[in-house]
There are 2 protein chains.
Amino acid sequence: MTITMRDVAQASGVSLMTVSNVINGQPGAGAQTRVRVMEAVERLGYEVNLTARRLRKGLTGNIGLIVPRFDHPYFGELAARLATALAETGRHLSVEQSGASAEGELAALSHARLATYDAVLLNVVGLRYEDVDNLRTSVPVVLLGEQGMPVRFDHVRLDNEAGARLATVHLLGCGARNVLIVGGSHEDQQSMQAIRTKGWERAHTDAGLTPSPDGVLRLPELEVACARELVRERLLRSPDVDGIFAVTDQVAFGAMAGARDAGRRIPEDLQLVGFDNLSFGEHVPPGLTTIDPGHDWMVEHAVRLIDQRIEDRDVAPQQLTSPSTLVVRGTTRC
Amino acid sequence: MTITMRDVAQASGVSLMTVSNVINGQPGAGAQTRVRVMEAVERLGYEVNLTARRLRKGLTGNIGLIVPRFDHPYFGELAARLATALAETGRHLSVEQSGASAEGELAALSHARLATYDAVLLNVVGLRYEDVDNLRTSVPVVLLGEQGMPVRFDHVRLDNEAGARLATVHLLGCGARNVLIVGGSHEDQQSMQAIRTKGWERAHTDAGLTPSPDGVLRLPELEVACARELVRERLLRSPDVDGIFAVTDQVAFGAMAGARDAGRRIPEDLQLVGFDNLSFGEHVPPGLTTIDPGHDWMVEHAVRLIDQRIEDRDVAPQQLTSPSTLVVRGTTRC
DNA sequence: CACACGAACTGTAACGATATAGTCCGAACG
DNA sequence: CGTTCGGACTATATCGTTACAGTTCGTGTG
């Protein structure tokens, strides 16, 4: 019914193995033979049977992604991008929820759960160094996200500080004189909030300014409703605030609503930059200026690291840091 | 390394085939033998290797879902539910976008595209009877959604008229005297809008009322922004409107915003019922009363039809209609 | 008692690919 | 000229499962 390697082999007058070698770019096939085989492949419209290949290679074709929660758009977008990238090679992504707790993430990493995957991408949030360091799995694991994790693992990092600095520099460069960081914090130096706060400070000192101590607006939760309420309140109290760096796009959406509540026009009275480049930011008027943490770059390299490690478990682990870029839209004046 | 059927066979002192038969519930194995085999399965922690089974059975483990567009929440939720249901049996869902046009849907149904699926679920929107009737595929196809399609196919329908009637009856029962249908239409009798409009009319006549001819508020597009604008305008013009049946939840969200714009309180001044039971409706205050088109039911039966047809291509096609139910939340007074 | 029959179970050959261990043959070398 | 060497290619076994065609063996029948 369907065309198999056997048909291609017959049509081009070579053995099964030669066809296999040609298709997989393995050595051991002459130049003319390669051409002849590829012609037959084209002519017959042959495509490899991934199921058979997987059986032979002992792979499942499934990659696991473990994130703290499904319902947050950041992870949704990450999952969508990864799924697309993996689909190119006929693989699938299964997303598991760890519940933002260390226990959840460790449970999701139990042997039984992972046995069905060829590799696992772990979004390390809420996991401490020791937890990750104690991990012993038979399946390749690639870490995704924050900094400060054991170098024993492949890791695609996100340059939180550089991104935050970039955002703040842009606000200052567009004429903001009094820039709030919403969702910032000085606690737990390793946390995403603290690192982005450091970037916000660095942008100030680099420009010869001193970040005001009450420029950090802490939020109990990085959620829309919470940000909206606290930003509204703060803007009513501090009429001189003319710029906001929101630590996430979620927070930025809340801040936009809060600013409107407080009677500020964006970007005329108040400029705003977010962080994450969620696709929704493109559609909410006047368009959210934000930091793209290099999603495409991260996904591309994460998949590459996975493939390398599946191929050879003993290759040296790599730590990569994705470059952040500024995406200018309507919430800033330049 | 991993435990195979061979290990189970050895451990329970039977042949490979007996283990296979027991596991798949095939006849030809005695009662004690079954018990013995299942004990060994438990003890060794055996799990079937889906890759091997697929190779042997000539299946890929992938099901295709073809929807008009990705970005609409209705299809997103449908896809999520289906993916979950299929994951139970270790299969995967691949979602393809047809672009809401007949050409797109037909292109997505081309032989080459479908060859990689065990079966395809086709959400028939924008396809006419003839287009579907001309379809000749080697892969099992199950239709999803609207009515009026060739009985040659398995089809899980959605009871648009009954659902719309249910919504309107509820509004009338809760004291609404003047119920608008937003997004309704009398054109193209087969369209979703027209059928739901018929349901709205039937609810009126069943109650001994005459639906007012200008009770149908047509929308150029079933989108939030559009519904918001036209509902606001209409409510300002017609102060006596005290109920709205929105043909979709999307439209209902827009209508809620439009009502607020027009200064109406929900549900005090104006009651509202949507259609689709999108999960978002639960979270938007005061909670959207809506019609659940039987998502779970549809998904359950769609998967069953798929499996039946994969098993036996010649089984008689079935047309099923999912039962609609009312989900009462805060936008209605009872 | 010979025979047929069906239930319970087994042996073997696939499914389509790849890893491994060859085989073959022409060129290079002493 | 005989030997070695390496590049090009092939034969076979195998991955874990299931379809199909047997093989037993106990029971019921004439």
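Modeller: Start with Arg218(B), which is partly exposed at a relative accessible area of 46%. Keep in mind that this is a predicted model.

Colleague: Why is Arg218(B) called partly exposed?

Modeller: Buried means under 20% and exposed means over 50%. Arg218(B) has 46%, so the label is partly exposed.

Colleague: What makes Arg218(B) and Glu187(B) a salt bridge?

Modeller: The limit is 4 Å between a side-chain nitrogen of Lys or Arg and a carboxyl oxygen of Asp or Glu. Here N to O is 3.1 Å, so the pair counts. Arg218(B) lies in the loop between strand E7 and helix H11 of chain B, and Glu187(B) in the loop between strand E6 and helix H10, so the pair ties together parts 31 residues apart in sequence.

Colleague: How do you know that Arg232(A) and Glu229(A) are about one helical turn apart?

Modeller: They are 3 residues apart in helix H11 of chain A, which gives that separation. Arg232(A) is partly exposed at 27%, and Glu229(A) is partly exposed at 37%.

Colleague: What makes helix H12 of chain A largely enclosed?

Modeller: Of its 13 residues, 11 are buried, so the rest of the structure largely encloses H12(A). The cover includes helix H5 and strand E6 of chain A.

Conventions: Residues numbered from 1 in each chain as written. Chains lettered and ligands numbered in written order. Predicted model: local features only at pLDDT ≥ 70, side-chain atom pairs only at ≥ 80, totals over all residues. Heavy atoms only, no water. Buried < 20%, exposed > 50% of the residue type's maximum accessible area, 1.4 Å probe, protein only. Helix = DSSP H or I, 4+ residues; strand = E, 2+ residues; numbered from the N terminus. Contact = heavy atoms within 4.5 Å.
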